[in-house]
Amino acid sequence: MASAFSHQKRFLVIVILAVSTLLFLLSTQAIATMFGLFKKYDVHLSPEVHGVITKEGKPVVDLEVFRGLTYVGDKELLDKTVTDKNGASSFAEKNIRSRRPSSMFHEARIRQIIDVDYQDTRYLLWATVVTGIAPNIAVSKKLTQLNCDLNDSEEYYEFNNIEYPDDPHGVESICRW
């Protein structure tokens with residue numbers, strides 16, 4: 001009789017432990033979800049880009065334009081386009097989904113590079129690091145009107161950051177607005 005009782009007791013302890021473990025895991029999942037630890041966020045890497053590339057005022061045709069976007073240590077996303085008969089090119093808006101913004105120590109920084117290679121020389125059309133995961137109004141405006149002449153010098157520009165006024169945008173570029 002004593003051995004039957006110990007088997008029942010042992011089975012009951014195992015059931016209680018299994019139920020307790022299940023409840024703990026479910027409550028941990030609920031807490032993690034409540035605080036967004038497993039939630040994916042929309043991250044805006046780049047707005048639409050529209051520009052014209054010229055040399056001495058004349059359109060540069062069939063020139064490959066490259067865009068590189070990097071979000072806080074992720075691998076760089078690369079795409080390219082080609083200028084048309086007017087020297088115009090464009091890139092579509094680029095967004096991704098990521099869990100990184102849910103991290104307590106996360107700093108949302110996105111590196112944007114747009115450049116071209118022409119006659120063995122690399123020209124920097126746009127280089128900046130943007131703060132935040134939402135679109136930046138001033139950056140979006142600038143990137144819709146990249147007017148780039150390959151004879152212009154590369155300059156560093158600062159312009160107002162509407163979303164974070166204490167952190168102005170800094171851009172290196174041969175383009176003018």
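**View A. A disulfide, of which the structure holds 1.** The model is predicted: local features are reported only where pLDDT is at least 70, side-chain atom pairs count only at pLDDT 80 or more, and totals for chains, interfaces and linings use all residues. Residues are numbered from 1 along each chain as its sequence is written, and side-chain values use heavy atoms, with hydrogens and water left out. A disulfide is a covalent bond between the sulfur atoms of two cysteines; the criterion applied here is a pair of cysteine sulfur atoms within 2.5 Å. The partners are C148 and C175, with their sulfur atoms 1.8 Å apart. Because the torsion about the S-S bond of C148 and C175 is about 85°, the disulfide is right-handed. C148 belongs to strand β10 (residues 146-149) and C175 to strand β13 (residues 175-176), so the pair ties together parts that are 27 residues apart in sequence. Strands (E, at least two residues) and helices (H or I, at least four) are DSSP runs, numbered from the N terminus. C148 is buried at a relative accessible area of 3%, and C175 is buried at 0%. Buried stands for under 20% relative accessible area, exposed for over 50%, and partly exposed for values in between (1.4 Å probe, protein chains only).

**View B. The largest cavity, with a volume of about 60 Å³.** Rolling a probe the size of a water molecule over the atoms shows where empty space is left. On a 1 Å grid over the protein atoms alone, a cavity is a set of points where a 1.4 Å probe fits but cannot get out, and lining residues have an atom within 4 Å of a point. Points are joined across faces, edges and corners, and the volume is the space filled by probe spheres set on them. The count by this rule is 2 cavities of 30 Å³ or more. The lining of the largest cavity consists of V49, H50, G51, V52, I53, V65, S89, F91, I114, L125, L146 and C148. Two or more of these residues come from each of β2, β6 (88-91) and β10. The largest share belongs to β2, which gives 5 residues. C148, one of the lining residues, is also a partner in the disulfide with C175.

**View C. A salt bridge between R67 and D79.** The structure holds 7 salt bridges, each defined as a side-chain nitrogen of Lys or Arg within 4 Å of a carboxyl oxygen of Asp or Glu. In the pair of R67 and D79, the closest N and O atoms are 2.8 Å apart. R67 lies in strand β4 (residues 64-71) and D79 in strand β5 (residues 77-82), so that the pair links distant parts of the chain, 12 residues apart. R67 is buried, at 2% relative accessibility, whereas D79 is partly exposed, at 28%.

**View D. A salt-bridge network of D115, D117 and R122.** R122 meets D115 with the closest N and O atoms 3.7 Å apart. R122 also forms a salt bridge with D117, at 2.8 Å from N to O. Shared partners join D115, D117 and R122 into one network. R122 is exposed, at 57% relative accessibility. D115 is buried at 13%, and D117 is partly exposed at 35%.

View E. E56 sits in the loop between β2 (49-55) and β3 (58-59). E56 is exposed, at 59% relative accessibility. D120 sits in the loop between β8 (109-118) and β9 (121-131). D120 is exposed, with a relative accessible area of 86%.

**View F. A nonpolar surface patch made by F11, V15, V19 and L23.** The area of the patch is about 380 Å². Patches are made of residues with over 30% relative accessible area and no salt bridge; like charges are joined within 9 Å, and nonpolar side chains (Val, Leu, Ile, Met, Phe, Trp, Tyr) within 5 Å. Accessible areas come from the Shrake-Rupley method with a 1.4 Å probe, and for residues only the protein chains shown count as cover. V15, one of the patch residues, is found in helix α1 (residues 2-34). V15 is partly exposed, at 34% relative accessibility.

Key
On a 1 Å grid over the protein atoms alone, a cavity is a set of points where a 1.4 Å probe fits but cannot get out, and a pocket is an open set with protein on both sides within 12 Å along at least five of seven lines; lining residues have an atom within 4 Å of a point.
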